[in-house]
Amino acid sequence: MPGPRPRNMGPRPKIDNPGKIIKRIFSYLRGKNRLYFIIVLVCIITVAVATTTSSVFLGSLIDDYVVPLLGQKTADFNPLLIALIKLGALFALGIFASWLQSYLMAIVSQRMLKEVRDDMFCHMQSLPIKYFDTHLYGDLMSRYTNDTDTLRQMIGMSIPQTMSSMFSILVALVAMIRENIWLTIFVLLTVVVMLFIVKYVGSRSSKHFVLQQKSIGQINGYIEEMITGQKVVKAFTHEQKCKDGFDSINEELVENAFQANKYANILMPIMGNLGHVQYVLIAVVGGALALSGAVSGITIGVIVSFLQLSRNFTQPITQISQQINAVVMALAGSKRVFDLLDEQPETDDGYVTLVNAKYNKNGEIEECEERTEMWAWKHPHKDGTVTYTKLEGDVVLDDVDFGYVPEKIVLHDISIYARPGEKVAFVGATGAGKTTITNLINRFYDIADGKIRYDGININKIKKSDLRRSLGIVLQDTNLFTGTIMENIRYGRLEATDEECIAAAKLANAHDFIMRLPDGYDTEITENGASLSQGQRQLLSIARCAVADPPVMILDEATSSIDTRTERIVQKGMDSLMCGRTVFVIAHRLSTIQNSDVIMVLELGRIIERGNHDALIAQKGKYYQLYTGAFELSSGNQDSDV
Amino acid sequence: MIKRLLKCVREYKLSSVLAPAFVIGEVVLEVIIPVLMARLIDNGILKQDMRYILITGAILLVACICSLSCGVLSGLFAAKASSGVAKNIRKDMFYNIQRFSFKNIDKFKTSSLVTRLTTDVTNVQNAYQMLIRGAIRSPIMLISSVTVAMTINFKLSLIFIAVIPILAIALYLIITRVHSVFMKMFKGYDKLNNIVGENLHGIRVVKSFVREEHEKKKFFDVSEYVYKLGSKAEKIIALNTPVMNLCVYGSIIAISWIGATIVVNSSETALTTGELTSMFTYAMQMLMSLMMLSMIMVMIIMSRASIQRIHEVLVEEPDITPPENPDYDIPDGSIEFKNVTFSYANDPERACLSNVDLKINSGETIGIIGATGSSKSTLVQLIPRLYDVTEGEVLVGGKNVKNYDLAALRDEVAMVLQKNVLFSGTIKDNLRWGKEDATDEEIVHACELAQAAEFINTFPDGYDTYIEQGGANVSGGQKQRLCIARALIRKPKILILDDSTSAVDTKTDALIRKAFAEEIPNTTKIIIAQRVSSVQDSDKIIVLDGGRINAFASHEKLLSQNEIYKEIYNSQQKGGLE
């Protein structure tokens, strides 16, 4: 098996506009973080000042305090003592500042990581279903850990290091200019050469760091997919193939990691030695000038002190270049983070909201705070008036067309009228578009043409969250969350009491098996309920929906893994659950849908027959053939049914 | 622990040795170059000797080139070694995970395994690179500066010596305190990964219940937890720098005072002013290398927690292992259960299957039917040894499954799981999971048997159609048929279908069974189904009830004698499935 096909995981191995990314990273320095960061900057400068002053002081120590004492009979050490105490005080300040700097940086960098992660998660929650259908999960997970982690190194270490190096450069530069402007210009020219090299090597390095982060994402995706599918891997003794697939991605990663680190690693020796070369050049050129006396102002003394200064100048530059590695990696990582943050969220222009309602004295619907088991759509109009429409569960699809991609329409002229309390069933071969219709009702996807009305309101006008709250859905692929059974049932309605959850479990016939589990309702579910059978998971997800108590329900193959006998028992509960609700049912098992008010037979994205069971049987069409087992609905449509 | 990880160095041994070797060259030159530079000033410029300037300049340039080469080479080899070692660690971990049984995976959790393979390995990779580059440089610089200091004035250099144990104790305290925090923080990372993973898989549930805010709150809690531990760990590490500075600055002041008294009192006989100045230079040099060393220490502290987590995966022994002298030959497709009891918790008190006795002849078609949670899937998963029995034994081809080589056994026992998983790749790639070297004809044939050829042919890319992860772009029924084809392609002796035609319509279901009967008559076929129609033409049907065999007989016999079966049958007759 080949490695996963690269998909939407950062288009080019290049960092566009690094300045913009850095600016964006800094935008996370807000609130307290900004204050802390300013204090950190002050600390960095304090440390740099302390270091510079102390080295100046040490230089003068011997001449000013030790030499005068030489030859004296009774040496007076007091001036030295006082000077040392002063130095000690300066050191103490430096030590304190360096501690405060790292202490605050620990808070700032970790808090920034937290905020980046929180932002990512919030944004991810707002993305449309389509995004999740087209991205590798493991790769997205990698952005929360591996990519945000690259920021830590940069914020915690590179920025302070660069700041203090910049300070040293500045000090050296001022001293150099005061010494001799011409030699300073010469030094600056060599620095330009150095910067070109940094740019060249740095861009190579950055290209590979981008690739490295991408490969890490890919490997994350592969591992996640393979471990999740471990049962299949084992059942097919596919371990070797799986290893080969892993090896090929792993090789790609190692190549990118090697290239990236190679360029990052060689930068420092190059810069350091260029500094040395520059030193030699100044010595030779300066020496020649000084000896010839061609340029006034360049004396032997000037050259000597200038040589020392030029070292002070180039050393911090070398140190900064050492940080390039971390900075580039952080840029590569944050680019992937920002790519996620820049994804277009699900649009929601809805303004009609769902509110608790009751009748007032005049028999009109009125909004209220408490839960009244009655809901109303609150519809504000342009003229400032607000109307309330009682939530009934009347769903109308009017001539709806839809395609997952605009060029390819998979649903044609779908018209469905579901009156409040009706049970509407969809029957059809796999790929006929049954699930797609339900995806449109809760607006996981938006229709291309036609209208969907809910209690007479165009669903595009309804706030998505309120629309979905009014729809309960049970999917074939059950997804449970880490937590207890009770918590999983309560997921349907967070404020439900234990008794309500248990009642829902009983309704779904899940109570018995839950009681047989070692800790009953407190049994912890991990790994999507790996220890439960597929059928048991479906029962739980029915209970979860029952607790939500929605006016409209969508059951998409909700009982496919439940045996018919249990289903019959569940059915009783389901029937009482469905009573008074509009229900859309998708099922292969015709027994599940036989008692529906209306059955839609779908083929290739079109409704070909509609009516209740008896009418359809009497019609002796496709449904009849399917029912009697004489005909198989063609599964021609190759598009997603999910 | 470290020993096991060092095994991962393997082909990168040479690079791992060369990197520090070139570092030594670089360090030696780094010591020589300043000496040459000093001479350039003292003997050349100050003495106005242009010839000396040029000669020394030339020597310096050569030294620079050497130093550059050493630096570049060490950087190169370090990059190669560290990324290579990381590769090997990942490889070893992944290979070991492939040996894991489900119990092993449950123990670690998928999300944790993912973090261990990526974040933790990256930490180790960075630490390793630091180690082979910096761990040589700093001590050499440190030792050389202390040694030179000693030769200048032994008494004064004792100050350095006195400082080192203080530093060591401080570092020890920091490391021991921070390790447990890091361990906890990484656990937080696992949780973080788990929430993100669950949300990705269950995004439809989250969105349809409008639980975005709820999930965000859950995430914020974990993210806050990670933040707290992360900043706690870094705050402890933050003590590192001031402690280092305290020691070095303290020794500078001590040197100034004691040095000055020595100079003055001995009138420059014991120590000259020039020597005192150079003592400061060495103290500064010491500071620099200690800084480097402490940075390396931080990396190592961090990676220590990662190393431990990696090590746990590497040494985890799968609890289902093939025997020492495995049997590779599975004579036929007969299956026998002898008094089998099974519990996921390995506790006979909480058994899912109790005292199961069963005998299936080679080539028979056996149906299994029973209520939700009656352990149908559990029963069949014991045959290819996806789980081991708690008590009793399972025999395939007359031999205990524990005697077979695992791969050989699973090659002959093909299983189509209830929860079908397709992997990202083309249809062909997915089918070749069943048999690596399957020819196109074999693939087409298997698909025809599984009634999948028809819909595959309607795809524009046919057998080269790309399947998205988890099979997101094919429908449930299509997925099931592809999975059946994938199992058929291996021509197994035993074929197990665990409710694998639930999304396939009855007609196709019947066609699949017909194809089985005609094309693979010698294969033992076990079919778990909800529909009686799917199993009624089997040779015999097992009726499971609460983990026990309630009956094992033919359709007709069961219909006349077995209450449960009758009830199931009637429920479906009334439902009008046939």
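Two residues are in contact here if their C-beta atoms, placed from the backbone, lie within 7 Å. With that in hand, welcome to a short tour of this predicted model.

**Figure 1. Where chain A and chain B touch.** By that contact rule, the meeting of the two chains takes 148 residues from chain B and 151 residues from chain A. On the chain B side, helix α3 (residues 50-99) gives the most, with 27 residues. Sorted by residue class, the side of chain B that touches chain A holds 64 nonpolar, 55 polar and 29 charged residues.

**Figure 2. The domains of each chain.** In chain B, the domain assignment gives domain 1 (2-315) and domain 2 (335-575). The C-alpha centres of these two domains of chain B are 55 Å apart. For chain A the assignment lists domain 1 (18-30 + 127-341), domain 2 (353-390) and domain 3 (395-627). Between domain 1 of chain A and domain 3 of chain A, the C-alpha centres lie 53 Å apart.

Figure 3. Helix α9 (residues 240-265) of chain B is built from 26 residues. From its first C-alpha to its last, α9(B) reaches 37 Å, close to the 38 Å expected at 1.5 Å a residue.

Figure 4. Is strand β10 (residues 524-528) of chain B enclosed or open? Five of its five residues are buried, so the strand is largely enclosed by the rest of the structure. T524(B), I526(B) and I528(B) point one way from β10(B), while K525(B) and I527(B) point the other way, and all are buried. Strand β3 (residues 365-370) of chain B runs parallel to β10(B) and is joined to it by four bridges. Within this pairing, G367(B) has I527(B) as its bridge partner. Strand β9 (residues 494-498) of chain B also runs parallel to β10(B), with five bridges between them. Here L495(B) stands opposite K525(B).

**Figure 5. A four-stranded open sheet in chain A.** The strand order is β6-β5-β8-β9, with antiparallel pairing. Strands β6 (411-418) and β9 (457-458) of chain A are the edges, each pairing on one side only. Strand β5 (residues 395-402) of chain A meets β6(A) over five antiparallel bridges, and V400(A) has I414(A) as its bridge partner there. Five bridges also join β5(A) to β8(A), again antiparallel.

**Figure 6. A closer look at D449(A).** D449(A) belongs to strand β8 (residues 449-454) of chain A. Which residue is the bridge partner of D401(A) in β8(A)? The partner is D449(A). The C-alpha atoms of D449(A) and F402(A) are separated by 6.8 Å, although these residues are 47 residues apart along the chain. D449(A) has 13 other C-beta atoms within 10 Å, so it counts as partly exposed; a residue is exposed at 12 or fewer and buried at 20 or more.

**Figure 7. The β8-β9 hairpin of chain A.** Strands β8(A) and β9(A) form a hairpin with two residues between them. Their antiparallel pairing has two bridges, and Y454(A) stands opposite I457(A). In the turn, D455(A) has a positive phi of about 50°.

**Figure 8. Two lysines of chain B with positive phi.** Most residues other than glycine have a negative phi. K109(B), which is not a glycine, has a positive phi of about 75°. K109(B) sits in the loop between α4 (102-108) and α5 (110-152) of chain B. With 20 other C-beta atoms within 10 Å, K109(B) is buried. K491(B), also not a glycine, has a positive phi of about 45°. Its place is the loop between α16 (476-488) and β9 of chain B. K491(B) counts as partly exposed, with 18 C-beta neighbours inside 10 Å.

**Figure 9. Confidence along chain A.** The mean pLDDT of chain A is 82, and 94% of its residues reach 70 or more. Over residues 1-12 of chain A the pLDDT is below 50, and the model gives this stretch 32 contacts beyond near neighbours in sequence. Residues 630-642 of chain A also stay under 50, with 49 contacts beyond four places in sequence. Where pLDDT is low, the predicted coordinates should not be read in detail.

Notes: Residues are numbered from 1 along each chain as its sequence is written. Chains are lettered from A and ligands numbered from 1 in the order in which they are written. This is a predicted model: local features need pLDDT of at least 70, side-chain atom pairs count only at pLDDT 80 or more; totals for chains, interfaces and linings use all residues. The expected span of a helix is 1.5 Å times one less than its number of residues. Domain bounds come from an automatic or database domain assignment. Ala, Val, Leu, Ile, Met, Phe, Trp, Tyr, Cys and Pro count as nonpolar, Asp, Glu, Lys and Arg as charged, and the others, Gly among them, as polar. pLDDT is the predictor's confidence in each residue, from 0 to 100. Two strands pair if DSSP finds at least two bridges between them.
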